[in-house]
Amino acid sequence: MKLLNNGDPIRNPSFLTISTFVIVSCVFFYLGMNWSNGYQQLVFYTSRQTPTASGAATIAISPNFNKTFDVSSVIANNQTIDAAPPSQDSVPAPAPAPSAFLAPGSIKTFGIVDENGTMAEEFEVGDYDPEVVENWGNGSDPEVVDSIGGSFRFGIKKFKMCREAMREYIPCLDNEKAIRNLKSTKNGEKFERHCPKKDQGLNCLVPAPKGYRTPIPWPKSRDEVWFRNVPHTKLVEDKGGQNWISVDKNKFKFPGGGTQFIHGADQYLDQIAKMVPDIAFGRHTRVVLDVGCGVASFGAYLLSRNVITLSIAPKDVHENQIQFALERGVPAMVAAFATRRLLYPSQAFDLIHCSRCRINWTRDDGILLLEVNRMLRAGGYFAWAAQPVYKHEENLEEQWTEMVNLTTRLCWELVKKEGYIAIWKKPLNNSCYLNHKAGTGPPLCDPDDDPDDVWYVDLKACITRLPEDGYGANLPTWPGRLQNYPDRLQSIRMDAYISRKELFKAEYKYWKEIIDGYYRALKWKNFRLRNVLDMRAVFGGFAAALAERKVDCWVLNVVPVSGPNTLPVIYDRGLIGVMHDWCESFDTYPRTYDFIHAAGLFSIERKRCNMSSIMVEMDRMLRPGGRAYIRDSIIVMDELQEIAKAMGWRVTLRTTAEGPHASYRILTCEKRMLRG
């Protein structure tokens with residue numbers, strides 16, 4: 001064959017092109033190998049779960065890992081612009097080299113995701129360290145916290161700390177300006193609610209006293225509390241001789257006595273039980289109201305008899321008595337018999353107790369005792385321990401005579417008078433009232449009067465009618481009444497009627513399953529639950545589920561004014577509760593609760609109330625180290641997270657059991673100890 005180009009292959013264009021390509025490729029390959037050796041190569045992780053003999057997770061590491069190379073030899077001829085060398089402080093420390101093999105059991109799990117990236121039900125929740133106090137600056141201006149796609153999302157700068165003098169501030173009871181402007185205070189008006197105007201509410205974080213410590217847990221707290229948590233000695237000075245309270249080094253001690261039972265509450269309760277055996281504490285008598293409670297030893301000792309007692313007293317000259325009760329872990333609220341109805345429903349209490357409570361029951365034609373009658377269950381008991389019962393001085397005998405006359409017109413039966421205690425029983429129906437002679441007072445209330453309407457309702461000088469169908473009177477004994485369908489379930493003003501029993505049952509089952517999940521996944525068995533607030537209780541299913549689990553805590557069930565009034569059902573179950581409007585402050589001291597529960601509250605109340613105001617009120621009521629669980633719609637969660645962070649809370653947003661696509665989330669929060 002004849003060669004191309006006169007038989008000279010070197011001059012062939014194809015040969016020259018191929019040769020040039022081979023030479024250039026070799027040069028680039030050589031440079032590439034030398035350049036790459038100047039850098040440690042990457043560590044590659046595989047996302048595929050490849051089973052091994054040991055079952056341990058594996059990683060692949062480059063063979064060049066941990067070698068050093070002279071990079072300058074490669075780039076010596078490059079032209080560079082000299083820059084000022086960084087300071088030694090700004091040079092980050094090298095990352096520690098990963099171990100090529102992971103020892104079995106060396107993986108530490110945090111949160112609720114395991115080493116394989118899957119959800120885990122078991123994980124540890126850290127304890128609150130009372131010694132850790134966080135410095136907290138002041139500020140409340142809005143700030144830009146994020147920007148997504150060019151649109152800004154605004155947050156809130158951290159709330160400032162309130163003045164030290166506000167450490168026991170109750171906004172609606174400490175409104176000095178409103179109290180000064182009252183037209184009259186003769187009937188105790190200054191002890192009632194006088195809330196600040198909407199734009200003058202609490203907008204700072206109430207500080208704890210200096211030296212505040214995590215409260216002593218129940219049941220030890222029944223007998224002693226830390227002095228620094230309630231640093232007041234006035235009650236010791238006034239009541240120390242009556243066995244109420246004493247100071248022992250860095251603690252207050254509570255011997256269990258009272259003005260009328262200086263030998264102890266247990267002996268006093270035994271006396272009442274012997275006087276009227278039908279009272280049957282813990283069976284027939286489950287829910288009690290203690291009026292003018294002192295430090296609440298009466299209620300504290302009833303707890304061991306399966307009786308839950310709501311202890312109330314005004315914020316008066318003994319202003320810290322309710323605060324002591326709450327610090328001890330006893331159910332209590334600030335409340336006063338004055339000019340308005342108390343915030344509890346009709347037929348709420350099986351027994352109402354007054355021991356030297358300093359209330360003139362017969363004033364204004366007995367209007368205050370008529371309020372007791374409204375709240376006392378049909379067939380319930382009123383126990384009065386006071387000087388007119390047993391002293392024979394002329395003025396005291398007159399008071400006793402007036403009391404007997406009034407109770408007779410109320411159709412109460414004086415069951416027993418022994419020593420310094422008198423006990424009356426309320427009738428089961430209206431027959432006695434209807435048989436009154438014409439002109440006998442006080443009259444029956446109008447048939448259209450709602451005895452369960454209590455929010456800012458004035459006292460009425462009339463006898464509350466009992467339901468003709470006997471609703472509220474015929475209850476099973478405790479604990480059977482907890483799960484029994486109360487008759488008054490049918491009288492609640494709500495949309496459903498036929499399905500109410502199903503709703504009642506479903507609510508309990510719902511909360512039982514959720515609380516079981518809290519114990520399983522969130523380690524609730526390690527929590528110190530004692531004082532609990534449910535901000536939207538409905539039928540009290542959350543509290544009932546805790547009671548069925550025999551959790552040693554008490555729950556105050558709040559029924560918001562914005563929804564159906566289910567308080568009668570809650571009390572018929574043997575639980576306690578109160579009516580409230582969350583657009584206003586609550587009648588309790590700061591640092592009352594270990595745990596606050598809010599389910600479906602904010603998505604409803606955001607149409608009426610300022611969400612920041614509700615959250616700041618929650619912070620006021622919550623103890624340092626206490627927790628709040630907010631279970632609500634996704635719509636409100638972003639804003640609630642920002643507010644919680646602005647208050648210094650530790651927050652975690654969690655999905656519900658329905659999964660990540662559900663419309664609800666749970667915001668779990670922990671309050672930190674802050675200092676200004």
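Of the 676 residues in the protein chain, 48% count as buried. The model is predicted. Its secondary structure amounts to 17 helices and 21 strands. The accessible surface of the chain is about 35100 Å², and carbon and sulfur atoms hold 52% of that area. Where contacts join residues at least 6 apart in sequence, 68% of them link residues at least 24 apart.

The empty space comes next. Rolling a probe the size of a water molecule over the atoms shows where such space is left. The largest pocket holds about 890 Å³. Its lining comprises 41 residues, and those nearest the centre of the pocket are Arg356, Cys357, Arg358, Ile359 and Asn360. Elements that contribute two or more residues to this lining are strand S8 (308-313), S10, H8, helix H9 (387-390) and helix H10 (394-409). The largest share comes from H10, with four residues. Sorted by class, the pocket lining has 19 nonpolar, 14 polar and eight charged residues.

The largest cavity has a volume of about 230 Å³. It is lined by 18 residues, with Arg193, Ala336, Arg341, Leu343 and Asp587 closest to its centre. What classes make up the lining of the largest cavity? There are 13 nonpolar and five charged residues, and no polar ones.

The second largest cavity contains about 130 Å³ of space. Fifteen residues line it, and Trp244, Gly258, Phe261, Cys293 and Gly294 lie nearest its centre. Helix H6 (297-302) and strand S10 (349-355) are the elements that give two or more residues to the lining of this cavity. Strand S10 is also listed among the elements that line the largest pocket. By class, the second largest cavity is lined by five nonpolar residues, nine polar residues and one charged residue.

The aromatic side chains form another part of the picture. A pair of aromatic rings is described by the distance of the centres and the angle of the planes. The structure holds 29 aromatic pairs. One of them joins tryptophan 361 and phenylalanine 382 in an edge-to-face arrangement, at 5.8 Å centre to centre with 85° between the planes. This pair links distant parts of the chain, 21 residues apart: tryptophan 361 lies in the loop between S10 and helix H8 (363-375), and phenylalanine 382 lies in strand S11 (residues 376-385). Why does tryptophan 361 count as buried? Its relative accessibility is 2%, and buried means under 20%. Phenylalanine 382 is buried as well, with a relative accessible area of 0%.

Tyr510, Trp511, Tyr518, Tyr519, Trp524, Phe527, Phe542, Phe595 and Tyr629 together form one aromatic cluster.

Definitions and conventions: Residues numbered from 1 in each chain as written. Predicted model: local features only at pLDDT ≥ 70, side-chain atom pairs only at ≥ 80, totals over all residues. Heavy atoms only, no water. 1 Å grid on protein atoms, 1.4 Å probe; cavity = no way out; pocket = protein on both sides within 12 Å on 5 of 7 lines; lining within 4 Å. Points joined across faces, edges and corners; volume = space filled by probe spheres on them. Nonpolar A, V, L, I, M, F, W, Y, C, P; charged D, E, K, R; others polar. Buried < 20%, exposed > 50% of the residue type's maximum accessible area, 1.4 Å probe, protein only. Contact = heavy atoms within 4.5 Å. Areas by Shrake-Rupley, 256 points an atom, 1.4 Å probe, with all protein chains shown as cover. Phe/Tyr/Trp six-rings, centres within 6.5 Å; stacked < 30°, edge-to-face > 60°.
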